Amino acid sequence: MQINSIAMIEVSNISKKFGNFIALQDVAFTVNNGELVGYVGLNGAGKTTTIEIIAGVSYPNSGDVMIDGHSIIKEKKEASKNVSWVPELPIFEQDATALYYFIYLAGYYGIGKEEAKKKAEELFSLVGLQGREKDKLKNYSQGMKKRFALAVSLISNPNNFIFDEVLNGLDPQGIMFFRDLAVKLKKENKAILFSSHILTEVENIADKVIFIHKGKIIRQMSIEEIKNFIRTNIFRVVLGRIDGKVIKIAEKYGNPELQGNIIFIENFNGDIPGLSSDLLNYNIIEMARVEGNLEEVFFKLIGEQK
Amino acid sequence: MKTVFYDFKRSFLRFSVILFIVIFAAIGIAVSYETYATNVSPNPYYFHDLNVIGVSIQKYNETEVIGYVFNNHGNPINNAQIIAGGSSYRTNASGYFELNLPQFYFEPIAVSYNNQKIEFIPLPVFENGSKYLSAEGVVEGFGYGTQNNGQNITLKYAFVVINNNGKGTLILAIDNPNNQGVYVNFANYSSSFAIPNTSFKYVGNVTGYINFYHLQTPSSIEFLSVQVKSLGPYTTEYYPDGSAITSLVSGIIGVIGGFTFIFAAIMLYLAYILFSKPRDTGALKFILARPVTRRELYINRYLGGVLTAIISSFLLTFLSYSTLSILVSSSGILLPVDFPLILFVSTSAALIGFFSLVYMLPSFIKSGGEMLGISIFLFLLFQIGPSVIAAIIAFTTGHINEIIQIIYGSYYFSPLGAESFGIYYLGLEYGTQPAVSSVHLPLVILSSIIWIAIPFIIGLIKFNKINI
């Protein structure tokens, strides 16, 4: 599938204050078609505030968000038709049955009762809620509520999706479902903004990661940039036998440090055959370059901010 | 389906709403029946569609009874059966009957028609009419001056007034027709009985035992004075729709009053369910992520509550009205439709006004619990407050005589005041309530509109700006 790079979600310098507290400051980024963007930050960093502004639920004090070229502030209805939001903790009016509430919400998309029923049948099945349509929403588990929110978010088959911490509180099956769905939507050339605390998941599926800290975007990196960023020059060797000479041998290849039966060699000179030959008598169990992960990147970036 | 209808369905089809509508509908029907049983059953002929008026003349060896049988619209009843002294007679096509009975015959005479029966005793003048007649009276008086033979003039007459939307008829039965002039006067209900002669209007002369005169009849309750010269005037109350309606209406007013009191609490609950609770829990956010503006969402849910108020009021008022109408249908006269209409409009206005006020609160208060607390306070304040505050003002300022005016004046400052004004206007129309100088219809309408519109607009403006 050809992927074009038109900005479908364009966040332009949004700022948001709650009283004197600055929740967001000049937040700007784009999510293009066919792009899955991770949105990463600590609790209270401003992820959900940003997402609620993009979803049209909250107003920024300044700035704007364009969804497929429509301002979420000035052209709310048109913009909202083109973006779907699955919140971390979806909250509905609990007294309604799922099907009834689905039909009610479909009404906002101009979809009539009969058509909404057909869509419900299709989407409830897609998200794994078939047979639970007539349950009251208050009887749904957290995972089911997220699936229901997803079904609602698919009503209008929008081009843009925002998943806010959707993996939180889900069982492994649920996590896999949402991860696979995000990837599937990306392949369908949709724009997806995906916030999560589970950084390994973000790392595995995202094309780009946006880091937010204390209401500010501190870095936007493509996944290649991240991989380069986390690539270290530390070599790690696990040995079956240790003696006092082993450090001396390792010093020829860099700055070694012994931790138990593992030698970490900083500033490794890259001569793996030489090192393995020299350590042959020490019964090498494992040797590899040490790799960083997104979490390390994240905390490193936060550290830089401090 | 339009979302507004869902919001309406979700507000209207709630257990609490349905329960209260069913309870009040049952009460409405029960009270209608109770009203019927209290007012109609003991005196069923009050509510018949059968009336009689006439004279009986004592002759040398017989009593001649001349009568006219008519329905509640004043139209003659043909072929009505008259039973006197074991004999049966019939009215002619013009509704008249003439009986020749033994001298000094004072036994009850029955008039029957269409399974309805009334009786009269053939006194010199007689009339027996339903309570749907606008006015009636029997006058047995002595006139001023003397006849040629030196004896005092004696004159006896009976009359009824029928109001057909302003085109009234005065039917006068007189025992001594002698070309006397007949005059009538309508006077404001609240004015004194002292009617100046100059305001009397001449309607015609007496030409026979039973006479008909056209009148312009007012549409409000007034005092009616009838004068057959040279007797003095006879004054009685004139009810445009008959006094029967008054007694029937007052029973229903009580039910509707109770309904408004309780249903205001339901409106409070609906404002909580439709707006406050979803805002507090966060459910409103999920809806706002749909293609809907805040303004539309606010209005949609507001209309859901408003429709519930309107339909509930409509069901209750018109159900009570219909029940009573069916019960008294044998009278041939429909209960005036302005009676349920005024109640419906005023009840709806009161409920919508209060709903607007409490619906505004969640725009300012996020906590559903706080909103409920303040709403309950407002409910009690506006249900009980105006009368108490007015009474305190009246006592502290020494205007105890004007307490009613002050109380009614205080209703302008309550969203529920519309209901009190509606009952006031019904009472005024049907004679259970004297006029109060502080009640002015334009102000009543204005205050109702303000109570509905202003909180709604303030709430809408605020809702457009807040962090949900």
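How many residues does helix 10 of chain B have, and how far does it reach from its first C-alpha to its last? Select residues 441-463 of chain B: helix 10 has 23 residues and reaches 33 Å, close to the 33 Å expected at 1.5 Å a residue (the expected span is 1.5 Å times one less than the number of residues).

Before moving on: this is a predicted model, where local features need pLDDT of at least 70, side-chain atom pairs count only at pLDDT 80 or more, and totals for chains, interfaces and linings use all residues. Residues are numbered from 1 along each chain as its sequence is written, and chains are lettered from A and ligands numbered from 1 in the order in which they are written. Helices (H or I, at least four residues) and strands (E, at least two) are DSSP runs, numbered from the N terminus.

Stay on helix 10 of chain B and show side chains. Its buried residues include B:Trp451, B:Ile452, B:Phe456 and B:Phe463 (buried: 20 or more other C-beta atoms within 10 Å of a residue's own, with C-beta atoms placed from the backbone).

Next, pick strand 12 (residues 181-188) of chain B, which pairs with strand 13 in the antiparallel sense over 4 bridges (pairing takes at least two DSSP bridges). B:Val184 has B:Lys201 in strand 13 as its bridge partner.

Last stop, chain A: strand 9 (residues 208-213) and strand 10 (residues 216-222) pair antiparallel over 6 bridges. A:Ile210 stands opposite A:Gln220. The two strands form a hairpin with 2 residues between them, and A:Lys214 in the turn has a positive phi of about 50 degrees.

Conventions:
Buried ≥ 20, exposed ≤ 12 C-beta atoms within 10 Å, placed from the backbone.
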